[in-house]
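Q: Here is a model to go through term by term. Let each label be set against its cut-off.
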Amino acid sequence: MKVIQVGIGGMGNAWLKAVSRSDVVEFAGFVEISDEIAAAQVDAYNLNPATIFKSLPQALAALGPVDGIINVTPPQFHKDVTLAALDAGIPVLTEKPLAGTLADAQTMLAKANETGILLTVAQNYRCSAVARTVKKILDSGELGAIGAVDVRFFKGPHFGGFREEMRHPLIIDMAIHHFDMMRYFLDSSPASIYGRSWNPPWSWFSGDASAAVNMCFQNDIIATYTGSWVAQGVETPWNANWRFECANGVLTIVDDRVYVQMLGEAMHPINLLSVERQGQDYLLHDFYDAVTSSQPTIAPAQDNIHTVEMVFAVVDACDTGQTIMLDK
Ligand SMILES: NC(=O)c1ccc[n+]([C@@H]2O[C@H](COP(=O)([O-])OP(=O)(O)OC[C@H]3O[C@@H](n4cnc5c(N)ncnc54)[C@H](O)[C@@H]3O)[C@@H](O)[C@H]2O)c1
């Protein structure tokens, strides 16, 4: 399977490496608007400079048909890249968030539905060994009904770039992974959301880098989320720390380790599932299976739109101070 990667800086590195590790996916070419980044990546990955273009239409005109597009541009460019690919009949694996705005995401979904071409989202946090182990335990039913889930995330990364200019960097660029994991773990989407976001005085982000959110899911499970991207001390892993309060006990994820405590018993650590692939390797092969054998992907746009709706409902809740109701 031949793909074009659009955007080869930043997170593009992870995809350049994932494709180079794959024995079923290879590059036809690349799109990169920055000459400086293109030149650096030619050197770093031994790319052929003649296969790097300034826009997707130029790349497609020169390279001919390809089997897929991997879109690793910043969110505000996801719509144009995706529409150009879908109009050309080419499946798209796009980085999260599906789009920079809910309206863009809806336009992209409408195009995917109209053309019948695959549009899938890189929600890599869903496919880690940790997430899949937790999902398996919750789905087994041994813990009984889930009453509530509490999620805590604290990191202090200095990225520079677009995140430091966004209005809601934590919610739109980071918490989206945790919100999407909530939807995955709980098999449901929120019915109502309220929350508060703020930017601490020492923040190096322009937009709010901290948030506390409370959600009631459609299956009546309550989720609380506390997050900060300007932590000044002890950090959690990127996956965050989680606690599921269930009828028969408690499941926690602490520092990327999973623990279960059944009623009246001691807490015990759980061995993680042994998985063949995680992260970008998993998503790339998930995309390959979907393109070559029409298998469903882990986060198709038709489902992922509900993660995007959730993210922007949290933004609305924080901006207005109101409880936001989502359609059931
Ligand atoms: N899934 C994850 O864990 C994860 C982690 C980091 C970033 N991301 C996502 O990856 C995407 C890119 O983020 P990043 O950190 O790499 O950003 P970045 O700004 O570091 O890199 C983006 C690259 O795309 C290029 N670019 C910008 N517009 C372009 C266009 N129209 N056509 C071609 N190239 C273009 C830039 O020159 C740059 O090389 C974002 O959507 C981000 O949220 C996902």
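A: Start with contacts: two residues are in contact if their C-beta atoms, placed from the backbone, lie within 7 Å. This is a predicted model, where local features need pLDDT of at least 70, side-chain atom pairs count only at pLDDT 80 or more, and totals for chains, interfaces and linings use all residues. Residues are numbered from 1 along each chain as its sequence is written.

Q: What share of the contacts with a separation of 6 or more comes from residues 24 or more positions apart?
A: In the protein chain, that share is 71%.

Q: What percentage of the protein chain counts as buried?
A: A residue is buried if 20 or more other C-beta atoms, placed from the backbone, lie within 10 Å of its own. Of the 328 residues, 43% count as buried.

Q: Which strands does β10 join, and in what sense, parallel or antiparallel?
A: Strands are DSSP runs of E, at least two residues, numbered from the N terminus. Pairing takes at least two DSSP bridges. β7 (residues 146-154) and β10 (residues 222-228) have 7 bridges and run parallel; Val-149 faces Ala-223 there. β9 (residues 210-217) pairs with β10 in the antiparallel sense, over 7 bridges. Ala-211 has Gly-227 as its bridge partner.

Q: What lies between β9 and β10 in their hairpin?
A: 4 residues separate the two strands, and Asp-220 in the turn has a positive phi of about 75°.

Methods: A residue is buried if 20 or more other C-beta atoms lie within 10 Å of its own, exposed if 12 or fewer, and partly exposed in between; C-beta atoms are placed from the backbone.
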